[in-house]
Amino acid sequence: MTSMKHPVYFLLVDDLEENLLSLEALLRRPGLTMLKARSGPEALELLLKYDIALALLDVQMPGMDGFELAELMRGNERTRRVPIIFLTAGLADSQRRFHGYEKGAVDFLHKPIEPDILKSKTDVFFELHLQKQVLAQQRDELRSTYEALQETDRRKDEFLATLAHELRNPLAPVRNGLRLLNMNEQNTEAKNLLEMMDRQVTHLVRLIDDLLDVSRVSNGKIDLRKEPVTARDIITLAVETSQPMIDDGQHSLTVKMPEEDVWLNGDPNRLSQVIANLLTNAAKYTRTKGKIFLSVRIDKEEVVISVTDNGIGIASHMLTQVFELFAQVGNEMAKSQSGLGIGLALVKKLVEMHDGSIIAQSDGLELGSTFIVRLPLLRDHATSSAAAHEVDATASPARPLSILVVDDNIPSAQTTGWMLEMIGHHPTLAHDGIEALETAKKILPQAILLDIGLPGMNGYDICRTLRQNPLFKETLIIAQTGWGQARDKQMAIEAGFDHHLVKPFNFDQLSELLSAKAS
Ligand code: ADP
């Protein structure tokens, strides 16, 4: 047992000093402290002050007798659970019932007291109290361990979010620059090289996004934008995303789904992310020229989407573990292909946020794997025109816009400027708040692309200042930032921004927003 920190207290209550002394002599043992009271009120005072393991009460006392004292003890939350042994002279006393006391909490000893009986009865309470102390100590230790773990976990999440954010920022100009170079490049070899670099950067961005997502999901910070969506739309988007990986492995992909539309209520981007992740894994963990099979079917009230491959398979003891954060299966191919081990953890969480489930199946190593996602079916959803919101982002703008680009990261501002020029607009660059405000007044741009994290005056302040001036009431002001959480978007809207784009922003999306302004 753990070493004892506090003594165990027994309370002895008797109006006669000699009785108290003889009791004390009989009970004495290491670790036990005896508190003595000569009357009921004195006893109550001690009861409120100490955590008493046992009260030995003389029944016959002048003033408040032992039974009255016990009644008072029962009425008080702090003392009602203190076990009592009454010391009585007559047999009749022991017939008395004590309502409201737990069984075993009240006992009787007859005078003259037999030392052996006294010892055995009181020993039980001494030991019980020691155990209680140990339990309390263990509970405190567990609680502080738990709190320390929670704190570590919180710091880890915070670190992941910051890390992802910091990694994301420098990628924006790199990706923009690569696309720009590629647009101007005539040499096929150089073009191929640039495309490869673009693919790698895109892959990096996706990994970082997963990292950000997983920390957000753990903190309950992901907002789903649920809407009626067809399985076909989700899968088309997912196949598009994972096609490069499938092609890299020269795999064949077969998709099978019902003729009629199958509707779900979900966030289309998040659900495609789930399926794309499964397809990417299938491509990653299958040797060259493998077969990947995706099917959609309806099972009662559920849509069942399964992704099967004939790849390296999963050992049976790993089938549930693969969904744990940072879990990776330790075989050679898995190692050579390893990512961060967060993909499936994120997939599982996203599926569960859609009230669905996911399982992995495999007959064993080298025997392929199947991942089965089940999601609630949205029955009788009236088919609406899903193609209505397609926008041609590559079309040149109806009208070139004068655009102010504000970013303290000079390469980032420059590449954004170049990209805007490529699609026919007229960018002007500024690198801090003061310069931004002065330039805006000088050129009166139709649109402003404003970074949030700027030295001195941040993007929110600049936007608020601009909006106070009637000249900028109608200006399209777009925030661009590394932070993409719902709270950041809300802050941007409150500061007067029209839109909020997360870096590295999707250029097609930006070009769409600008075309809408220009038309
Ligand atoms: P990552 O792929 O980044 O390691 P995931 O969370 O996506 O992380 O996957 C976790 C592990 O599950 C992988 O490391 C791999 O060992 C195993 N795994 C996932 N999908 C498959 C698959 N289709 N076939 C075989 N093993 C897989």
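Predicted model: local features only at pLDDT ≥ 70, side-chain atom pairs only at ≥ 80, totals over all residues.

Q: Where does Glu-366 sit?
A: You'll find Glu-366 in the loop between strand S11 (357–361) and strand S12 (369–376).

Q: And what is its phi like?
A: The phi of Glu-366 is positive, about 70°, although this residue is not a glycine. Most residues other than glycine have a negative phi.

Q: Which loop holds Gln-250, and what about its phi?
A: Gln-250 also has a positive phi, about 50° in this case, and it is not a glycine. The loop in question runs between H6 and strand S7 (252–256). With 47% relative accessibility, Gln-250 counts as partly exposed.

Q: While we're on backbone geometry, is the peptide bond from Lys-111 to Pro-112 cis or trans?
A: That bond is cis, with omega near -5°. Pro-112 belongs to the loop between strand S5 (106–110) and helix H4 (115–184). Most peptide bonds are trans.

Q: Let me zoom out for a moment. How many helices and strands does the chain have?
A: The chain has 14 helices and 17 strands. It contains 519 residues, and 45% of them are buried.

Q: What share of the contacts join residues at least 24 apart?
A: Taking contacts between residues at least 6 apart in sequence, 69% join residues at least 24 apart.

Q: What does Val-205 touch, setting aside residues up to four places away?
A: Its partners are Leu-171, Arg-175 and Pro-504. Val-205 has a relative accessibility of 7%, so it counts as buried.

Q: At what angle does H5 pack against H9?
A: H5 and helix H9 (residues 343–353) pack at about 45°, with their axes 10 Å apart. That angle makes H5 oblique to H9. Their crossing is left-handed.

Q: Which residues make that contact?
A: From H5 there are Asp-210, Asp-213, Val-214, Val-217 and Ser-218, and from H9 there are Gly-343, Leu-346 and Lys-349. The residues in the contact of H5 with H9 comprise three nonpolar, two polar and three charged.

Q: Now H6 and H7: how are they arranged?
A: Helix H6 (residues 231–248) and helix H7 (residues 268–284) pack at an angle of about 30°, and their axes are 8 Å apart. H6 and H7 are therefore roughly parallel to each other. The crossing of H6 and H7 is right-handed.

Q: Who meets whom there?
A: On the H6 side, the residues include Ile-234, Leu-237, Ser-242 and Met-245, and they meet a set in H7 that includes Leu-271, Ile-275, Leu-279 and Thr-280. The residues of the contact of H6 with H7 split into 12 nonpolar, five polar and one charged.

Q: Is Thr-280 buried or exposed?
A: Thr-280 is buried, because its relative accessibility is 17% and the cut-off is under 20%. Leaving aside neighbours within four places in sequence, Thr-280 contacts Ser-242 and Met-245.

Q: Changing topic, which residues of H2 are buried?
A: In helix H2 (residues 40–49), those are Gly-40, Ala-43, Leu-46 and Leu-47. They span an arc of only 125° around the axis, which puts them on the same side of H2.

Q: What's on the face turned away, and what covers the buried side?
A: The face turned away carries the exposed residues Glu-45 and Lys-49. The cover over the buried residues of H2 includes strand S1 (8–13), strand S2 (32–37), strand S3 (52–58) and helix H3 (66–74).

Q: Last one: where is Phe-472, and which residues is it in contact with?
A: Phe-472 is in the loop between helix H12 (459–468) and strand S16 (476–481). Phe-472 has 1% relative accessibility, so it counts as buried. The C-alpha atoms of Phe-472 and Pro-445 are separated by 8.7 Å, and the two residues are 27 apart along the chain.

Terms used:
Residues numbered from 1 in each chain as written. Heavy atoms only, no water. Axes fitted to C-alpha atoms, helices over the stretch in contact; angles between N-to-C directions. Helix = DSSP H or I, 4+ residues; strand = E, 2+ residues; numbered from the N terminus. Parallel < 35°, antiparallel > 145°, perpendicular 65-115°, else oblique. Left-handed = near helix turned anticlockwise from the far one by under 90°. Contact = heavy atoms within 4.5 Å. Nonpolar A, V, L, I, M, F, W, Y, C, P; charged D, E, K, R; others polar. Buried < 20%, exposed > 50% of the residue type's maximum accessible area, 1.4 Å probe, protein only. Arc of directions from axis to C-beta.
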